[in-house]
Number of protein chains: 2
Amino acid sequence: MSGETLGGIGEAAALARIFPRLPAATRAIVGPGDDAAVLTAPDGRFVVTTDMMIHGPDFRLAWSTAHDLGWKAAATNLSDVAAMGAVPTALVVALAAPAATTVEFLEELADGLRDGCEAMAPGCGVVGGDLSVSSTLTIAVTAFGDLEGRPPVLRSGARAGDVVAVSGPIGAAAHGLRLLFDGAVVEQAPDAELARTLRTKHPDVSAQLAPTPPIADGRLAALAGATAMIDLSDGLALDARRVAVASGVALDVSLSAVGSTEALVGGEDHSLLATFPAGTALPGTFRAVGNVSAAGPEGARLLVDGHPFEARGGWDPYEGWNGENG
Amino acid sequence: MSGETLGGIGEAAALARIFPRLPAATRAIVGPGDDAAVLTAPDGRFVVTTDMMIHGPDFRLAWSTAHDLGWKAAATNLSDVAAMGAVPTALVVALAAPAATTVEFLEELADGLRDGCEAMAPGCGVVGGDLSVSSTLTIAVTAFGDLEGRPPVLRSGARAGDVVAVSGPIGAAAHGLRLLFDGAVVEQAPDAELARTLRTKHPDVSAQLAPTPPIADGRLAALAGATAMIDLSDGLALDARRVAVASGVALDVSLSAVGSTEALVGGEDHSLLATFPAGTALPGTFRAVGNVSAAGPEGARLLVDGHPFEARGGWDPYEGWNGENG
């Protein structure tokens, strides 16, 4: 069994092996197997987001297991749904893989999607997909959510006087990636054994390879009256600045509450940043990290401890890596 | 301007150039620019399908223009929505392209998406997306549709006595592909100039490179009482057999109505095949090509002029091509 490949058994047979492992969506009226799926949208609206993970710029096969890739593909999309204040309901997954990819790898990736959905968004399932052969392993997920009758929580609603709060880790995923680049590369190639060992010693390595953002806190933030919300995919500094600009305000963040400058600029946590009216009892695992003030003459911007913070950070260790060496 | 590349200007700047060219969706409550989009689903349900196009197995850059690729990515997904009896409302598009891809190429691809939506599904627009760097040009589209209160038209509803009908070309796309492989390949590499010339002489070449399936006929079929429907992506023989198996019936197709055996097995038309109760006034451009009978002792299957038709056809000229030579 373990030697079977996608190219060897073909797409139809591979799909037949994968689909039974995928989670069912409680919202599906028509699931996989017809030309399209049909989902319920009880309040007459639905939230949709799409995100692609590509071998080379987005992950190393020596470091990430297939299960990690399925889990992370779910997590990165679920967090965008959560950041609107919605409950994730379903995913569709388009997967392209080299012909030599083993069926076992595809099954483990499906298991990662299932386990990620069950852990982060119970009831959310995979309602459709596409499986193709490509020289570059590529996972494109589109995720849906239900606002349950509430207005979406946009980036543009932060108001002077609001509290800035974060739920989920800040900087852990970037720290994990730095650990991998520092300690699991041999002769410029990522090393699987070193990565496995590092992972047992540093939980931040798993925060990078298989993050578990606080998906349920998106809905709780909306219920608590969040005025703006964003998913921290590019680092708190950059994403908080996006909220400031969209809302036309200044966000002032406390460095001690965030932890460190490295945490401030580290991406890929997929944690949630939200603003709440002052005095709101912060829901779930949200904790205050700053506050919102009116934009001064300098315009909408991010402040750290009251001082302008312009750096993006933007450490991009994958730049120039093309996937050919792992 | 024309020398600018995706890698040179970066994803954010490239997106800023692309988005103004994309069609707006009349159904969008929240469009591109936040963590996710929000769409209306007036009857409390929505249709969703996803399909990926990959350089190598799915297209040749010497033959397809960027505009063709955008148009075809729209067409192949819109036809799956139409095959449920739904009206396409919106797309999300995840695009991965080599760093050396010019911004002009991306703009033309966006124009193809726009022109395809406007021609085939007016009001359907792009509500979100993702842009990444990859060594393999990959276009993943997810499309949504509105059933307008009707039940979806599944593959499983065909009943003995129904008429089998088709809307749109049968075999034209496969014929166009054969013309390209026969007449636009030089020393095993696809040739752009020969393809352009061929295209001016044979409309079937455009049926392959930028098909225009009869999207509006999906809704009309549902309104007329279609009992089953499918998008002809893999050829009439294979897709009609899928309807037969899903419905537990035999579909008997007339070869003279279809045209030829080549037409019977040729894929990628994305035309619609539907079954209607006998006596139905066929809507739109649907014409009868056969009828449905009870499955005999041999079970659900496809017949052609009363005789079993087992061949898939399955001419796969791309097999073994990897995109490195065009």
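**The A–B interface**

Hi everyone, let's start with the area: chain B and chain A bury about 3800 Å² between them, and 61% of that comes from carbon and sulfur atoms. Keep in mind, please, that this is a predicted model. On chain B's side, Asp35(B), Phe46(B) and Met52(B) supply 20% of the area that chain B buries against chain A, more than any other three residues. As for who takes part, 50 residues of chain A and 50 residues of chain B make the contact.

How many salt bridges does the rule find across the interface of chain B and chain A? There are 4. One of them joins Asp34(A) to Arg155(B), with the closest N and O atoms 3.7 Å apart. For polar contacts, the rule gives 22 residue pairs across the interface, both residues at pLDDT 80 or more.

Which strands does chain B bring to the side that touches chain A? At least two residues each come from S1 (28-30), S2 (37-40), S3 (45-54), S4 (87-97), S5 (125-133), S6 (138-146) and S10 (228-232) of chain B. The largest share, 9 residues, belongs to S3(B). Sorted by type, the residues on this side of chain B are 30 nonpolar, 12 polar and 8 charged.

Strand S3 of chain A, residues 45-54, pairs with S2(B) in the antiparallel sense, over 4 bridges.

Notes:
Residues are numbered from 1 along each chain as its sequence is written. Chains are lettered from A and ligands numbered from 1 in the order in which they are written. This is a predicted model: local features need pLDDT of at least 70, side-chain atom pairs count only at pLDDT 80 or more; totals for chains, interfaces and linings use all residues. Side-chain values use heavy atoms; hydrogens and water are left out. Contact means heavy atoms within 4.5 Å. Buried area is the accessible area (1.4 Å probe) that two parts lose on being put together, summed over both. A salt bridge is a side-chain nitrogen of Lys or Arg within 4 Å of a carboxyl oxygen of Asp or Glu. A polar contact is a pair of N or O atoms within 3.5 Å; within protein, one must be able to donate a hydrogen and the other to accept it, and residues adjacent in sequence count only if both atoms are side-chain atoms. Ala, Val, Leu, Ile, Met, Phe, Trp, Tyr, Cys and Pro count as nonpolar, Asp, Glu, Lys and Arg as charged, and the others, Gly among them, as polar. Two strands pair if DSSP finds at least two bridges between them.
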